[in-house]
Amino acid sequence: MHARVTEQAGGDYLSDGYSLRSWLTTRDHKRIAWLYLVSITAFFFVGGAAATLIRIELATPQGDLVSSDTYNRLFTAHGVIMVWLFLIPSIPSALGNFLMPMMIGARDLAFPRLNLASWYFYLCGGIFTLAALIAGGVDTGWTFYTPFSTMFSNSHVILAITGVFIVGFSSILTGLNFIVTVHTMRAPGMTWFRLPLFVWANYATSVILVLATPVLAMTLLLLAAERLLHVGIFDPALGGDPLLFQHLFWFYSHPAVYIMVLPAMGVASEIIPCFARKHVFGYRFMAYAILGIATIGFLVWGHHMFVSGQSVYASMVFSILSFLVAIPSAIKVFNWTATLYKGRITFSAPMLYALGFVGLFTIGGLTGLVLASLALDVHLTDTYFVIAHFHYIMVGGSVMAYFGGLHFWWPKMTGRMYPEMWGRAAAVLIFFGFNLTFFPQYLLGYGGMPRRYHSYPPEFQVLNILSSAGAAILAAGYLLPLGYLLWSLFYGKRAGPNPWHATGLEWQTASPPPRRNFEATPTVTREAYMYDPVTGRESPQ
Amino acid sequence: MNIAEQFDDAPQQEQAATFGMWIFLATELMFFGPLLFGYSYARSHFPEGVAAASRHTEVMLGTLNTAVLLTSSLLMAIAVQACKADAVRLARGMLLLVAALGFVFLAIKGAEYRHEWREHLFPGAGFAFADARHAPAAEIFYFLYFALTGLHALHLTIGIVMVLAFAAGLLRGGRSFASAERVEVAGLYWHFVDVIWIFLYPILYLVGRSG
Ligand code: HEM
Ligand SMILES: [Cu+2]
């Protein structure tokens, strides 16, 4: 009960101890969110550095910057870091950690100690992965396909998969914590259908984390066993079957793309109603669509294996199921659009990011349907079309939404405003740079340029130069927020509790929030998103 | 019972703990998933090899172990009820018996492993299987056998440590540590480890022996 005292002592969570030790041993979900935020950002820039080298190499058709072997290590580093150390934890672990308890009116997550442990798992796994890089890198691609990874690769596979394995525990523990928190710690009156969609999205994501990550962990252990003991599980020469690896790997890794994109959808669903001043259109359908995507996401992994030699009947089933995922995804896009319709729209920085998310996610999703069509995929698989597709979803979608969320909740997290004009400029720059980088890759892929090569026939050069130029703009766009957000920490004007006049519970407490979030546990009497488009304020009902 | 600062009251805390354990067990089940999937994959691809290999397991010891584990589960259930009824001595006695049965299980398992090691059934360079035709499939079977039973034994070991910790807590009269709620959560875990074995026993020991 000593906690009551700190609460009465007042002060926000940031002034609750300034030493490094107070941060590294904190059990406050808001501080743990910062631990994630800082470490995730660091990894993002390491992964980005690898991308830069890749794009410089591809500016000319000859492989003149790096050797083919180095190139393999570069795209592996880029993929591994971006997927496991950036995309998967970014929104849930950083923004989710900060917001989930506040959005449901709780004082913290159900298991604060476990939450801190999750971050240590994350950091430790990240260090292993970096160690693999420093030791010389890995050349298998982020998918670690067998039998190459088990028998032929002479790179640091074991070190890298150890890192990924450990990071997996961070995911599992975070997911467990979120699920229990949402079930048991909602404030009085916060019924399931009053939950903000961000909470729904992170809840569904947590279910995927908890059910899929252990499968990946065990698959990696099997890979390690085969590599170290030479038992045949995956290697056909030893009696094993490489398809088994692909099934197990994609059973995790397809749902993993929903781990990346569902929270992003959650972010968009918070920002869009706020800056359109409207109740989100079809709230219940939005919630059901989230659950639908999470569920169907478990049934479509085989669309990564159309050319692997699995049975054509299996491929047909996976193709049809993949089309099914489009239905709930389309529901979401249509409902965001309908929310915008006749809204009082303000094009603030978070809104620009959110709208960018919707547009890019839609393009990525539609090209996903192209890839889900069996016959087309046989032509497009392992070309730049695929690269473009997943960058539209993951970078255009998830990263855009992550930045949007960061801008939306920055005033809450820090108590400061950033310069709005800079925020808008960065959003526009990123959108433009992104499209210039990745749209040409659709054309390249359609024209037949394969992925994972460090040289290519000269006729592809023009589009590659466009793409590299776009990447430079994109990089500038990503660096800008780093500058002005840091600036705002010291010079930004005070935000006040609710600068956007938003309706969520997190806005009903001070910015930055007190140590235990609320002075008194709030009672919820109405639905989420009660915006009034006429007055532009909160609706009275 | 101590209530952590994030909770309002004891029921909420208890609900969170129990629910957390259920979710944890779901993740555990998924951990075994790839091995079980690998097993069914191997069995559908090399049915005869897997059957031949499975006939080499020590069915008597496996059966004995099943009985040991089921008994432990019964005692665990009694321990939980005793805790709830504040029958501290009974609860402690039962927990000690549960841990003892856990040890017995591990000892029997160890004896099996020693047998298999001597017969060169351990996968890797030294693997040898009497029926050379089936050697590759048998190696996969034995790999999965060791992985599954090893993982199970690891869980059991953790369970034993947990049960002993609660028994010790009760000895010191420390009901705040060994509260009925916590012992119940530990019981959930123990039953789960049992249930896993109930699946492993038929697929590893019995399948090849039918027909
Ligand atoms: C900033 C600009 C970026 C550029 C220029 C870029 C460029 C590339 C290129 C050229 C490849 C293909 C390598 C190949 O297969 O030949 C690639 C792969 C990949 N990228 Fe990016 N990328 C960028 C940002 C990101 C971000 C932000 C993420 C995730 C958050 C990401 C995730 C991935 C993944 C998962 C792969 C697959 C790696 C593999 O093929 O094994 N990328 N990227
Ligand atoms: Cu997929």
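A crossing of two helices is called left-handed if the near helix is turned anticlockwise from the far one by less than a right angle, and right-handed if the turn is clockwise. In the predicted model described here, α3(A) passes α16(A) in a crossing of the left-handed kind. The axes of helix α3 of chain A, which spans residues 29-57, and of α16(A) come within 10 Å and cross at roughly 160°. Because angles over 145 degrees count as roughly antiparallel, this value makes α3(A) roughly antiparallel to α16(A). On the side of α3(A), the residues that meet the partner helix are Thr41(A), Phe44(A), Phe45(A) and Arg55(A), while α16(A) contributes Asn464(A), Ser467(A), Ser468(A), Ala471(A), Tyr478(A), Leu479(A) and Leu482(A). Sorted by class, the residues of this contact comprise six nonpolar, four polar and one charged.

A second pair of helices in chain A is formed by α9(A) and helix α12, residues 349-372, whose axes come within 9 Å and cross at roughly 130°. The two helices are therefore oblique to each other, and the crossing of α9(A) with α12(A) is left-handed. The contact draws on Val261(A), Ala264(A), Met265(A), Ala268(A), Ile271(A), Ile272(A), Phe275(A) and Ala276(A) from α9(A), which are met by Pro350(A), Met351(A), Ala354(A), Phe357(A), Val358(A) and Phe361(A) from α12(A). In terms of residue class, the contact of α9(A) with α12(A) consists of 14 nonpolar residues, with no polar and no charged ones.

Since His254(A) lies in helix α9 (residues 242-276) of chain A, whereas His303(A) lies in the loop between α10 (283-296) and α11 (312-340), the pair ties together parts of the chain that are 49 residues apart in sequence.

At the other metal site described here, the iron atom of ligand 1 is coordinated by NE2 of His78(A) and NE2 of His391(A), at 2.1 Å. For comparison, the ideal angles for six octahedral donors are 90 or 180 degrees.

Several features of the backbone of chain A were also recorded. The peptide bond that joins Thr146(A) and Pro147(A) is cis, with omega about 0°, and Pro147(A) is placed in the loop between α5 (112-134) and α6 (148-152) of chain A. Another cis peptide bond joins Ser511(A) and Pro512(A), where omega is about -15°; Pro512(A) is found in the segment after α16 (461-491) of chain A. Arg452(A), a residue other than glycine, has a positive phi, near 65°, and its place is in the loop between α15 (420-447) and α16 of chain A.

Chain B contains six helices and zero strands, so that, from the N terminus on, its elements run α-α-α-α-α-α. Taken along the principal axes, the C-alpha atoms of chain B fill a box of roughly 65 × 30 × 30 Å. Within this chain, the axes of helix α1 (residues 10-45) and helix α6 (residues 180-206) come within 10 Å and cross at roughly 15°, which makes α1(B) roughly parallel to α6(B). The crossing of α1(B) and α6(B) is right-handed. Among the residues of α1(B) in this contact are Trp22(B), Phe24(B), Phe32(B) and Tyr39(B), and among those of α6(B) are Glu181(B), Tyr189(B), Phe192(B) and Leu204(B). By class, the residues of the contact of α1(B) with α6(B) divide into 17 nonpolar, one polar and three charged.

Terms used. Residues are numbered from 1 along each chain as its sequence is written. Chains are lettered from A and ligands numbered from 1 in the order in which they are written. This is a predicted model: local features need pLDDT of at least 70, side-chain atom pairs count only at pLDDT 80 or more; totals for chains, interfaces and linings use all residues. Side-chain values use heavy atoms; hydrogens and water are left out. Axes are lines fitted to C-alpha atoms, for helices over the stretch in contact, and angles run from 0 to 180 degrees between N-to-C directions. Helices (H or I, at least four residues) and strands (E, at least two) are DSSP runs, numbered from the N terminus. Angles under 35 degrees count as roughly parallel, over 145 as roughly antiparallel, 65 to 115 as roughly perpendicular and the rest as oblique. Contact means heavy atoms within 4.5 Å. Ala, Val, Leu, Ile, Met, Phe, Trp, Tyr, Cys and Pro count as nonpolar, Asp, Glu, Lys and Arg as charged, and the others, Gly among them, as polar. Donors are N, O and S atoms within 2.8 Å of the metal (3.2 Å for Na, K and Ca); water is not among the atoms, so sites may look incomplete.
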